[in-house]
Protein chains: 2
Amino acid sequence: MATLKDVAALAGVSVKTVSNVVNGYAFVKPENRSRVEQALAATGYRPNLGARNLRRGRTGFLALVLPELVVPYFAELANLVLGAAQEHEWNVLIEQTRGTRDGERDTLAALGPHMIDAAIVSPEALEGRDFGELAPGIPVVLLGEHHVDVPFDHVGIDNVAAAREAVAHLVSLGRTRIAAIGAHPHRGTAAQRLTGYRLALAEAGLPVRDELVATALNYHRRDGAEAMARLLASPEPPDAVFCFNDLLAVGAVRAAAERGVRVPDDLAVVGFDNTEEGAYSLPSLTTVAPDKAAIAHAAVDLLRRRVDDTERPPEHVRTPFTLRVRESTGDA
Amino acid sequence: MATLKDVAALAGVSVKTVSNVVNGYAFVKPENRSRVEQALAATGYRPNLGARNLRRGRTGFLALVLPELVVPYFAELANLVLGAAQEHEWNVLIEQTRGTRDGERDTLAALGPHMIDAAIVSPEALEGRDFGELAPGIPVVLLGEHHVDVPFDHVGIDNVAAAREAVAHLVSLGRTRIAAIGAHPHRGTAAQRLTGYRLALAEAGLPVRDELVATALNYHRRDGAEAMARLLASPEPPDAVFCFNDLLAVGAVRAAAERGVRVPDDLAVVGFDNTEEGAYSLPSLTTVAPDKAAIAHAAVDLLRRRVDDTERPPEHVRTPFTLRVRESTGDA
DNA sequence: ATGAAAGCGCTAACAC
DNA sequence: GTGTTAGCGCTTTCAT
């Protein structure tokens with residue numbers, strides 16, 4: 001693999017001149033420029049990014065730290081972050097934490113100090129104080145909700161309002177025994193969505209019954225199916241359910257079908273995330289649709305500005321959402 | 001950010017000693033070791049991986065080059081590769097090419113020479129000769145089928161046999177007008193699966209009708225739905241369909257349902273990939289299940305051995321598959 | 001406009 | 001066992 005020095009020798013100039021050409025510096029004597037370009041082509045020179053980074057002090061890498069890639073919401077988000085980062089000439093390092101605190105810690109600890117310029121983190125288990133020690137000095141933007149007041153930029157939708165709207169929709173259908181699936185002891189977003197759920201019930205004058213709120217420690221299809229099965233087995237089963245993500249909703253629909261419960265006739269189902277899977281499922285899912293592209297762009301833009309100015313006070317960006325009504329709540 | 005030199009100064013030893021401690025070298029005087037460890041803790045020292053890599057000549061990074069993360073098969077595979085790579089202390093750089101030849105080229109050209117030790121590539125548009133110029137010298141393992149005979153390691157299932165078994169299953173159900181969705185002008189795997197499809201029909205004494213073979217330029221749900229809609233609109237619609245991936249199958253099922261065609265009664269559907277989505281859809285999908293964990297492990301292992309010995313002749317690993325029969329072909 | 005040379009942080013060969 | 005030092009490939013003063 002040819003180095004700058006090799007190219008310089010071949011072109012009969014100094015490394016400085018080659019470096020100037022490679023980096024698009026304007027003032028190079030035309031003759032030298034063309035000789036360098038020839039030498040570049042002849043050697044098939046490729047800059048060693050590691051060496052360049054070492055010298056420049058930045059890496060051109062952005063970490064995207066997510067719980068799980070197999071959750072479609074995160075795959076879709078990753079896709080959008082990749083696009084947004086490209087506009088800023090950032091490469092994205094996708095890291096998976098499996099939703100564990102250790103996974104989140106280790107990832108940041110390993111990459112934080114020197115391999116990445118900044119990080120977008122969708123925390124699931126990490127707490128506020130954890131962040132201080134990790135990745136010291138590197139800009140971090142947090143996705144989703146978090147209980148603690150950490151000094152980082154943050155982007156997310158108004159989960160309380162979103163959940164409230166979703167449940168209000170169920171209420172407007174005349175449903176009275178509305179369940180929720182996805183309560184979680186530590187997840188900030190789960191707490192917010194539960195709050196929205198309760199708010200909507202209260203506004204409708206409906207009682208909030210604990211036995212209608214199902215906890216889900218993971219947000220996979222299986223967890224939705226299991227929770228739904230339990231709810232349906234109860235003496236007074238629900239006539240509607242609000243699931244905290246589309247995967248849970250898909251599982252819930254499946255569990256209902258297996259028990260001969262018809263969706264939406266016997267049970268109306270609302271999901272969250274607006275994944276493509278939900279648009280094609282049978283019945284298609286009514287769901288809260290966060291503007292994922294807006295989230296991805298906001299996160300990357302925030303990071304870009306943060307890199308340029310470390311001292312700015314933390315910013316909190318609220319991205320929009322809409323409720324997409326589909327077959328699972330009785331659309332024709 | 002503290003450097004090795006800072007730590008050495010604080011501990012009152014040389015950088016060599018600190019480096020020895022950091023890298024777990026055994027022969028360090030206990031007293032020095034403890035002093036270094038203290039200094040390490042006090043400064044919060046983190047090695048600069050870029051600098052280390054520059055010196056060592058390797059990076060500890062593995063590239064996983066895939067068409068699209070939003071295709072569940074690839075997300076699931078990425079997840080497994082991440083796990084397999086961890087066992088070899090490799091970090092994985094997930095790169096998305098969007099299935100374009102330029103995307104595949106650019107990715108390898110940018111990262112190839114210096115940022116990664118090796119790459120796992122699932123090519124969709126790249127041709128054999130492209131690889132020579134790219135990532136010269138870095139080990140590459142190819143996933144899936146490819147027409148051209150390139151000098152790289154390769155892992156994949158026997159797509160002809162898999163498709164044949166899937167279609168034979170449809171034949172065994174008594175279906176006679178068996179369609180295929182997913183033909184593609186350039187994709188190697190598509191060609192293989194089409195061959196298997198034709199083979200199975202021929203073996204059953206069934207005619208191969210061109211009008212029952214639908215091309216899909218992408219393998220998304222939408223493409224499956226569109227292809228199915230066309231097939232169902234024909235004068236003699238199929239009574240079964242073999243889709244080249246689960247996403248196409250999901251789309252096909254949806255299109256059928258929208259036209260009042262019952263699955264599996266009127267139309268039996270088989271997918272490919274055994275994604276979790278297919279296991280929960282209504283009806284659940286019969287599908288070809290490649291052993292994805294085996295693929296991920298084989299790919300990483302191949303790379304490990306290739307890094308140690310560049311001269312070995314290219315190896316081709318065939319991983320197993322099974323047919324998972326579910327509701328979409330009439331399971332009870 | 002270009003060359004010479006220092007140095008980013010680290011590892012490893014070589015001394016002691 | 002540990003210190004000294006060269007050098008990985010690059011960018012960037014500082015001269016000229």
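Predicted model: local features only at pLDDT ≥ 70, side-chain atom pairs only at ≥ 80, totals over all residues.

In outline, chain B and chain A bury about 4000 Å² between them, while 24 residues surround DNA strand D.

**The contact between chain B and chain A**

- Chain B brings 46 residues to the contact, and chain A likewise brings 46 residues.
- Of the area of about 4000 Å² that is buried between the two chains, carbon and sulfur atoms give 63%.
- The interface of chain B and chain A holds 4 salt bridges, and one of the salt bridges in the model joins the side chains of A:Glu327 and B:Arg254, with a distance of 2.5 Å from N to O.
- Across this interface there are also 14 residue pairs in polar contact, with both residues of each pair at pLDDT 80 or more.
- Several elements of chain B each supply at least two residues of the side that touches chain A, among them helix 5 (72-87), helix 6 (101-111) and helix 11 (246-258).
- Strand 2 of chain B gives the largest share of that side, namely 6 residues.
- Sorted by class, the residues on the side of chain B that touches chain A are 27 nonpolar, 9 polar and 10 charged.

**An annotated span in chain A**

- An unreviewed UniProt entry places the feature "domain: HTH lacI-type" at residues 2-56 of chain A.

**The surroundings of DNA strand D**

- Among the 24 residues that surround DNA strand D, the closest are A:Leu4, A:Tyr45, A:Arg52, B:Thr17 and B:Asn32.
- Helix 2 (15-22) and helix 4 (49-56) of chain A, together with helix 2 (15-22) and helix 4 of chain B, each supply at least two residues of the surface near DNA strand D.
- The largest share of this surface, 4 residues, comes from helix 4 of chain A.
- The surface near DNA strand D is made up of 9 nonpolar, 7 polar and 8 charged residues.

**Which parts of DNA strand D are approached**

- Sugar or phosphate accounts for 62% of the atoms of DNA strand D within 4 Å of the protein, and the rest belong to bases.
- Phosphate oxygens of DNA strand D lie 3.2 Å from an N or O atom in the side chain of A:Ser19 and 2.7 Å from a polar side-chain atom of B:Ser14.
- A base nitrogen of DNA strand D, by contrast, lies 2.9 Å from a polar side-chain atom of B:Arg55.

Note on methods
Residues numbered from 1 in each chain as written. Chains lettered and ligands numbered in written order. Heavy atoms only, no water. Contact = heavy atoms within 4.5 Å. Buried area = accessible area lost by both parts, 1.4 Å probe. Polar contact = N/O pair within 3.5 Å; in protein donor to acceptor, adjacent residues only side chain to side chain. Nonpolar A, V, L, I, M, F, W, Y, C, P; charged D, E, K, R; others polar. UniProt positions renumbered as here; feature names shortened; annotations may be inferred. Near = heavy atom within 4 Å.
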